[in-house]
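Let's take a walk through this structure, one stop at a time. Have the model open and follow along.

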Amino acid sequence: MAIEEHPMHALAAYIPKGSFENVADFLHKYRVHLTVTKERKSVLGDYRNAIHGKNHRITVNGNLNKYAFLITLLHELAHLLTFEQHGHRVSAHGKEWKKMYGLLLADFIAKKIFASDIERELKRSLANPAASSCAEVGLMRLLRKYDESKNDVCFLEDLPHSSFFKIKDGRVFQKGDKLRKRYKCHEKDTNIVYLFSPVYEVKPLIGDKRYQS
């Protein structure tokens with residue numbers, strides 16, 4: 001996995017204005033080794049607790065916009081603070097983590113760090129935060145507004161029914177019906193059914209004569 005180490009002052013370029021001092025205080029106090037990584041398909045960030053005299057370790061994807069980066073970092077800091085209090089005695093995203101993450105979010109919300117629309121959406125999740133921001137569809141929609149322009153991709157939910165699309169690894173799927181919260185999609189080469197989030201980013205193949213339904 002490609003990684004890029006950054007001195008502490010460089011962190012300011014990745015997070016919203018007004019949040020650096022608070023974030024830096026946490027990283028210094030708990031001796032966190034923070035690594036900014038290239039985009040990973042399966043995770044936005046992760047946390048590894050201190051062991052054998054080594055520092056706590058947090059990684060966050062560097063391709064995230066500033067709001068998404070900060071939210072992901074707070075998510076991982078909540079894991080650290082939960083570990084400091086409970087060790088491995090509680091589940092990863094159990095009530096203890098949810099309480100800690102909610103407190104962190106509330107603190108940064110009170111400081112008016114986030115854009116107003118993101119702030120409103122975060123307030124809705126304070127009582128019961130999801131294990132991943134990717135699981136909060138409303139939040140994902142809003143965060144994408146603050147990404148750099150991506151003219152060749154869109155959310156799956158924005159595609160017409162039965163249209164074809166490509167995902168990052170090059171596989172091609174056809175959009176099917178929505179089953180509760182996810183869309184049933186068939187992989188073109190295997191006809192295997194996969195379930196996709198409505199806010200999964202895809203490359204539309206509309207207009208490509210090879211993929212006409």
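Start at valine 193, which you'll find in strand β9, residues 193-196. Keep in mind as you look around that this is a predicted model. Is valine 193 buried, exposed or something in between? With a relative accessible area of 38%, valine 193 is partly exposed, because that value falls between the 20% and 50% cut-offs.

Now for the rings. A pair of aromatic rings is described by the distance of the centres and the angle of the planes. The count of aromatic pairs here comes to nine. One of them joins phenylalanine 173 and tyrosine 194 in an edge-to-face arrangement, with 5.4 Å from centre to centre and 90° between the planes. This pair links distant parts of the chain, since phenylalanine 173 belongs to strand β7 (residues 172-179) and tyrosine 194 to strand β9, 21 residues apart.

How accessible are the two partners? Phenylalanine 173 is buried, at 0% relative accessibility, whereas tyrosine 194 is partly exposed, with a relative accessible area of 30%.

Last stop: charges over rings. Lysine 175 has its charged end over the ring of tyrosine 183, 4.4 Å from the ring's centre. Arginine 144 does likewise with phenylalanine 155, its charged end sitting over that ring at 4.9 Å from the centre.

Notes:
Residues are numbered from 1 along each chain as its sequence is written. This is a predicted model: local features need pLDDT of at least 70, side-chain atom pairs count only at pLDDT 80 or more; totals for chains, interfaces and linings use all residues. Side-chain values use heavy atoms; hydrogens and water are left out. Helices (H or I, at least four residues) and strands (E, at least two) are DSSP runs, numbered from the N terminus. Buried means under 20% relative accessible area, exposed over 50%, partly exposed in between (1.4 Å probe, protein chains only). Rings of Phe, Tyr and Trp (its six-membered ring) pair if their centres lie within 6.5 Å; planes under 30 degrees apart count as stacked, over 60 as edge-to-face and the rest as tilted. A charge sits over a ring if NZ of Lys or CZ of Arg is within 6 Å of the ring centre and within 35 degrees of the ring normal.
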